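Trainee: Could we go through this model together? I'd like to start with a sheet and then move to some helix packing.
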Amino acid sequence: MEVAEKIVYPDEITGFSAKEQRFEPYSWYREMRRSHPVYFDPKQKVWNVFLYRDVERVLSDYQLFSSKNDRRLSSFPVIGEEEKSLTSMDPPLHSKRRGLVAKAFTPKSLKTWEPRIAAVAQYCLDQIREQDTIDLAYDLAIPLPVTVIAELLGVPASDWKQFKLWSDAIITPGSRDTYEESVRARAQALKEMADYLRPIIREKRSRPTDDIISDLTIAELEGERLSDEEIIHFGIGLLFAGNETTTRLISNAFYCFLVDQPSVYPLLRSELSLVPKAVEEVLRYRSPAQFMMRRVAQETNVFGAEMKEGESVIAWIGSANRDEGHFVQAEQFDLNRPNNQQHLSFGKGTHFCLGAPLARMEASIGLTEFMKRYSGLTLPEHWSLSENLGQTGYLFKFPVRVER
């Protein structure tokens, strides 16, 4: 049998060549759920599942679908030593390491950051208070999460633009033609971030303060503590995943309110207590992460097809979140959807995203502070989606006119 390549290129499975297709993949998902809900791609040699129940099973059943995989997605960065990555571990080792990291993410510790997140959001909005046209991405969705993450970690928030540059280099997707170049850019960004964090961690060990890096230096579970390199690995992961995911979430929320369901913004502004509910529907409707990959740990036909041990399977989260079999009228943005919290945008099971409560909090606070200031917002007359999308298929600029 021909050996599969180490790198999996999702665009070669979807057939997408345009960034607009990456932003709006939902018609393809719909067709795959209807015609090929379990699909083996012969070129990439990878299984693909699209239904909610199947995606949920792949993400949650680590005994059948392991996170340990010698293949990786071209769009997924390897941060540090892969064998030490929480995303590449299975229980019981994963449970122990996650337990150490989770000590910095208790609801009580996050609750204390609410006023600070609100202050950062207010500061971002203060910088543009005289403007009638603002960029929702550059003026809010980008600086808010990366500044909050910097302050949570205990690194200088004033360096947020440098963090963003590193993060962009890490997340740049590699096509078959550009993959090697993107790998070099990622490696350089990762080295620079590690060099940046290393002296900060040493300082926190001797003089801990009220931040996540300090919490990680003193966290102890069953007599074990995290090494400096493990803390560096987690800090980089948080700077990358924490700010990128929330940036996309906030940008996607505004897109939903402006394009997908324009009636929602005035409703939310009149009843701000509904904002967290809206955030959940945004997470379902336009997931910041569209897919994850696992390795088949043992031969199985759980989905009706013979999957062999060692093969890879992509769980298409964006498709699962629009599965009509699980969400009634799934293609509609519905603020009052009773089960929208059942989305799979933060994963499922043992690898459920540690930063999910923080992302939800940042998005809810950022949107609330924005709505307190602006009674309405509209797209410019000649606004074009394609002109506002980066190559990854996510909004990187988002100019709108605002009304006070």
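Trainee: Which residue in E8 is the bridge partner of Arg294?
Mentor: Bearing in mind that this is a predicted model, the bridge partner of Arg294 in E8 is Val313.

Trainee: And in which sense do strands E7 and E8 pair?
Mentor: Strand E7, which covers residues 291-296, pairs with strand E8, residues 312-316, in the antiparallel sense, and the pairing runs over 5 bridges.

Trainee: What is the strand order in the sheet?
Mentor: The order is E2-E3-E8-E7-E4, in an open sheet of 5 strands with mixed pairing. The edge strands are E2 (38-41) and E4 (65-66), each of which pairs on one side only.

Trainee: Which helix packs on the sheet?
Mentor: Helix H4, residues 52-60, packs there and touches E2, E3 (46-49), E4, E7 and E8, while its direction makes about 125° with that of E8.

Trainee: Switching to helices, at what angle do H15 and H17 pack?
Mentor: Helix H15 (residues 275-285) and helix H17 (residues 356-373) pack at about 120°, and their axes are 9 Å apart. The two helices are therefore oblique to each other, and H15 passes H17 in a right-handed crossing.

Trainee: Which residues make the contact?
Mentor: On the H15 side they are Val275, Pro276, Val279, Glu280 and Leu283, and H17 contributes Arg360, Ala363, Ser364, Leu367, Thr368 and Met371.

Trainee: How does that split by class?
Mentor: The contact of H15 with H17 has 7 nonpolar, 2 polar and 2 charged residues.

Definitions and conventions. Residues are numbered from 1 along each chain as its sequence is written. This is a predicted model: local features need pLDDT of at least 70, side-chain atom pairs count only at pLDDT 80 or more; totals for chains, interfaces and linings use all residues. Side-chain values use heavy atoms; hydrogens and water are left out. Axes are lines fitted to C-alpha atoms, for helices over the stretch in contact, and angles run from 0 to 180 degrees between N-to-C directions. Helices (H or I, at least four residues) and strands (E, at least two) are DSSP runs, numbered from the N terminus. Angles under 35 degrees count as roughly parallel, over 145 as roughly antiparallel, 65 to 115 as roughly perpendicular and the rest as oblique. A crossing is left-handed if the near helix is turned anticlockwise from the far one by less than a right angle, and right-handed if clockwise. Contact means heavy atoms within 4.5 Å. Ala, Val, Leu, Ile, Met, Phe, Trp, Tyr, Cys and Pro count as nonpolar, Asp, Glu, Lys and Arg as charged, and the others, Gly among them, as polar. Two strands pair if DSSP finds at least two bridges between them.
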